[in-house]
Amino acid sequence: RALGWLLPLLPALGRRDRRSGTRSRWRGKVEFSTPRYSDEAEMLERESWPYRVLAFYVMTTVKQPEDEALEHRSWCRSKGLVGRVWVSHDGINVQVSGKTAACEEYAHFVAGRLQHHARESLLCKLDPVPELAFPRLRVKAKKLVSLSSQLEDDLDFADSGEDLDPQHWATQLKGLANGEPGRVLDI
């Protein structure tokens with residue numbers, strides 16, 4: 001499929017250690033990215049902040065998105081998380097904020113519920129913030145991606161293709177710019 005090479009790219013490109021610039025092939029259940037800091041003093045200050053913003057998505061089949069959304073709402077409320085969680089038949093998209101431990105626990109909660117279908121670990125962006133980043137919690141069962149009907153009929157999120165290194169990704173983008181077939185889907 002035209003999108004087969006694209007869907008795994010966002011997590012693959014994010015699997016770069018920001019300090020060393022090397023790619024990580026860690027294959028555990030959950031992987032947290034490390035923010036880029038200008039120096040050790042900034043790192044020590046920001047890592048001492050009590051809250052985090054957690055962001056990730058999981059592309060997998062969810063048979064009952066409404067029921068899944070209720071489970072996530074209950075879990076997030078019980079741990080004091082705020083932000084937004086969108087659950088659809090095609091997966092889940094999350095941006096929440098809360099205490100560090102609660103954010104990490106939520107990533108493991110999601111990995112345990114939804115990641116069993118996926119081949120990769122759950123890659124999460126976890127950034128320190130001095131206060132909660134969102135005013136309230138919103139959890140909804142809704143489509144993750146709105147596409148034209150022409151694209152939607154042809155899109156199969158399970159057709160994820162292969163991981164590409166950054167150089168191969170750049171080559172693919174240049175090919176698209178030069179008129180080669182394919183599509184870029186920004187999720």
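**The overall picture**

Keep in mind that the model is predicted. The protein chain contains six helices and six strands, and along the sequence these follow the pattern α-β-α-β-α-β-β-α-β-β-α-α. Of its 187 residues, 40% count as buried. Among contacts with a separation of 6 or more, 77% are between residues 24 or more positions apart. The chain exposes about 10700 Å², and carbon and sulfur atoms supply 49% of that area.

**Salt bridges**

Side chains of opposite charge can pair when their charged atoms come close. Here the count comes to five salt bridges, including these:

| Salt bridge | N to O distance |
|---|---|
| Arginine 46 and glutamate 42 | 3.8 Å |
| Glutamate 105 and lysine 79 | 3.1 Å |
| Lysine 125 and aspartate 127 | 3.0 Å |

Let's take them in turn. Arginine 46 and glutamate 42 both sit in helix H2 (residues 40-47), four residues apart, which is about one turn of the helix. Glutamate 42 counts as partly exposed, at 23% relative accessibility.

Glutamate 105 and lysine 79 form a salt bridge that links distant parts of the chain: glutamate 105 is in helix H4 (residues 100-114) and lysine 79 is in helix H3 (residues 65-79), 26 residues apart. Glutamate 105 is partly exposed at 35% relative accessibility, and lysine 79 is partly exposed at 37%.

In the pair of lysine 125 and aspartate 127, lysine 125 is partly exposed, with a relative accessible area of 35%. Aspartate 127 counts as buried because its relative accessible area is 17%, and buried means under 20%.

Notes
Residues are numbered from 1 along each chain as its sequence is written. This is a predicted model: local features need pLDDT of at least 70, side-chain atom pairs count only at pLDDT 80 or more; totals for chains, interfaces and linings use all residues. Side-chain values use heavy atoms; hydrogens and water are left out. Helices (H or I, at least four residues) and strands (E, at least two) are DSSP runs, numbered from the N terminus. Buried means under 20% relative accessible area, exposed over 50%, partly exposed in between (1.4 Å probe, protein chains only). Contact means heavy atoms within 4.5 Å. Accessible areas come from the Shrake-Rupley method with a 1.4 Å probe; for residues, only the protein chains shown count as cover. A salt bridge is a side-chain nitrogen of Lys or Arg within 4 Å of a carboxyl oxygen of Asp or Glu.
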